[in-house]
Amino acid sequence: MAGGELSRVLVLWCPDWPAAAAAQFLDVAVTEPVATLAAGKVVACTRAARRAGVRRGMRKRQAQAACPELLVTPSDPHRDGRLFDPVAAAVTAVVPMTEVLRPGLLAVAADRAARYFGGETGLGEAVAEAVESLGIAAQVGVADQLFTAVLAARAGCAVPPGGDAEFLAPRPIADLVIEPSLSAPGRDDLVNLLWRLGLRTLGAFAKLETVDVASRFSPDGVVAHRLAAARPGRRPARAPIPPEIEVTYECDPPVDRIDVAAFLGRRLAEELHGRLSSAALACTRLTVHAVTELGQEHSRTWRCAEPLTPEATADRIRWQLEGWLTRTRGSLEAPDSPLIRLRLEPVELVDPGTLQHALTGAGLPGEAANGLGEKARRSLVRVQGLLGGEAVRVPVRSGGRGPAERVSLVAYGDDQVPERPVEAAWPDALARPLPALLTTGEVELFDAAGEPVAVTGRGAFSAEPVELRMAAAPHRVCWWAGPWPFGVDSPAEPDAVMARAQVLLEPPADSRPSRALLLCYRGARWKVEGVYE
């Protein structure tokens, strides 16, 4: 808000963009049934595919059974970003300043542009026509806030000035996660919790007091509450952007190859984030400038819900340059000569404490918040250089029946591909809650007569367990559950029986709390597989 006037935002949304980009890549019309797959499941599909019964989340065989003529291709974010660049260029020709939220979605400031085109309707028509001239379907929406404008674009409407709260009130609470570029990791859990609490609409969530939300939910819950109440979802930058943060690289010799440009993008991203880390800042909006030998400049602004990481910055530089350099000479905004200069200009900076890494190999939890993330990353890379790539491994969520099987260790920096697919069906998988601590110590179970307790071929205890011996020390069993066989349906040999059970040990005399253990029976022996807390 400036000068007492509401700022307006126009958002352009290309429906099913990953599928539309895949159709361009396969050189087929977007009216054909096309789907993109990740981990064997449909992640995006065209309207023709949906009409035939294809839905997101379907497995490949199921989707092809519903639509035999379906064309499938692996999901490729780099392809999506590269092919979206002509769309962004077409919008930039209408409105000079654009911000790409993700491939398939961009935003522009609508205030001045609307006055030039005679109103918001004229501006929306001009933007939509520019994109549709490329043969790409698009919808536009206008509102006061970015989040509202994104939902308005999906509905293909304009929200009157000051009407964001009224527009959002009846919409389902699931709209908080409808757009990944505006939702932080873990927002799905928040939405599920709000649904279970009976808050089924954005309006119901917005009616809660901010103080109550802050005391009961995570920091992202406060952000989501601001979005639902049509208040700005992100605070402005805390200070002017220091000029020394910018990164400029003079290309000598000039660059006209995509692989060289991608390598430079990674190098500049590392340098930029090194400067940001030194200044205790993080970037949420970044403009990438590229200049050719003949003076032509190509600029694109990228916005993210979460502060950019070096990897995310490098991806956006690659998408922009690859999309530009692959254009045919003479086409819209095609490069007229090789690149001689690249410049990264941070547009919006926030506190680096906002930057959080999941424990999935993308970073180290807790390090980025205190400024040690970059140092730790470099240290790990140095260790890999000394001891080999496999010397440093990070956990990745994996599929499996037992708790230990659900974590795979991959070399730091490699693709985070688990050993076993998470989405696959895992019969006899251990139900939640899972143990907090994993271990492999051997134990013995005994019944009231002092005889060892085993698991029979029918999946039952041979007798009720009353005592557990760990390192020759006896512990009374005051509760147990199971056993739950897994692996072999009807084992012929006793040693082939495999099962899991839970036991609760009697609290010790020194007032320490009792312990709940997960036991695994394999090869006629018991082992402690995990400890519950």
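Me: In which element is Thr 92 found?

Reply: This is a predicted model, in which local features need pLDDT of at least 70, side-chain atom pairs count only at pLDDT 80 or more, and totals for chains, interfaces and linings use all residues. Residues are numbered from 1 along each chain as its sequence is written, and side-chain values use heavy atoms, with hydrogens and water left out. Helices (H or I, at least four residues) and strands (E, at least two) are DSSP runs, numbered from the N terminus. On that basis, the element in which Thr 92 is found is helix 4.

Me: Is Thr 92 buried or exposed, and which residues is it in contact with, leaving aside its neighbours within four places in sequence?

Reply: Buried means under 20% relative accessible area, exposed over 50%, and partly exposed in between, with a 1.4 Å probe and protein chains only. Thr 92 has a relative accessible area of 16%, so it is buried. With contact meaning heavy atoms within 4.5 Å, and with neighbours within four places in sequence left aside, Thr 92 is in contact with Thr 98 and Arg 300.

Me: At roughly what angle do the axes of helix 1 and helix 4 cross?

Reply: Axes are lines fitted to C-alpha atoms, for helices over the stretch in contact, and angles run from 0 to 180 degrees between N-to-C directions. Residues of helix 1, including Trp 17, Ala 21 and Phe 25, meet residues of helix 4, among them Arg 79, Leu 83 and Val 87. The axes of helix 1 (residues 17–26) and helix 4 come within 9 Å, and they cross at roughly 85 degrees.

Me: Which elements do the buried residues of helix 6 pack against?

Reply: The buried residues of helix 6 are Leu 123, Gly 124, Ala 126, Val 127, Ala 128, Ala 130 and Val 131. They pack against strand 1 (9–13), helix 4 (77–94), helix 5 (111–116) and strand 7 (139–143).

Me: How many aromatic pairs does a search of the whole structure find?

Reply: Rings of Phe, Tyr and Trp (its six-membered ring) pair if their centres lie within 6.5 Å; planes under 30 degrees apart count as stacked, over 60 as edge-to-face and the rest as tilted. With these limits, the number of aromatic pairs found in the whole structure is seven.

Me: Why is the pair of Phe 205 and Phe 217 edge-to-face?

Reply: Phe 205 is in helix 10 (residues 202–206), whereas Phe 217 is in the loop between helix 11 (210–216) and helix 12 (219–228), 12 residues apart. Phe 205 counts as buried at 0% relative accessibility, and Phe 217 counts as buried at 15%. The ring centres of Phe 205 and Phe 217 are 6.4 Å apart, and the pair is edge-to-face because the planes are at 80 degrees.

Me: How far apart in sequence are the parts tied together by Phe 461 and Trp 526?

Reply: The rings of Phe 461 and Trp 526 have their centres 6.1 Å apart and their planes at 45 degrees, so this pair is tilted. Phe 461 lies in the loop between strand 15 (442–446) and strand 16 (467–470), and Trp 526 lies in strand 20 (residues 525–532), so the parts tied together are apart in sequence by 65 residues.

Me: Which residues form one aromatic cluster with Phe 461?

Reply: Phe 461 is buried, with a relative accessible area of 13%, and Trp 526 counts as buried at 4% relative accessibility. The residues that form one aromatic cluster with Phe 461 are Trp 480, Tyr 521 and Trp 526.

Me: What separates the C-alpha atoms of Ala 499 and Cys 520?

Reply: Ala 499 is found in strand 18 (residues 498–505) and counts as buried at 0% relative accessibility. Not counting residues up to four places away in sequence, Ala 499 touches residues including Pro 483, Phe 486 and Cys 520. Ala 499 and Cys 520 are 21 residues apart along the chain, and their C-alpha atoms are separated by 5.9 Å.

Me: Which residue does a cis peptide bond join to Pro 253?

Reply: Most residues other than glycine have a negative phi, and most peptide bonds are trans. Pro 253 lies in strand 8 (residues 247–255). Omega is about 10 degrees for the cis peptide bond here, and the residue joined to Pro 253 is Asp 252.
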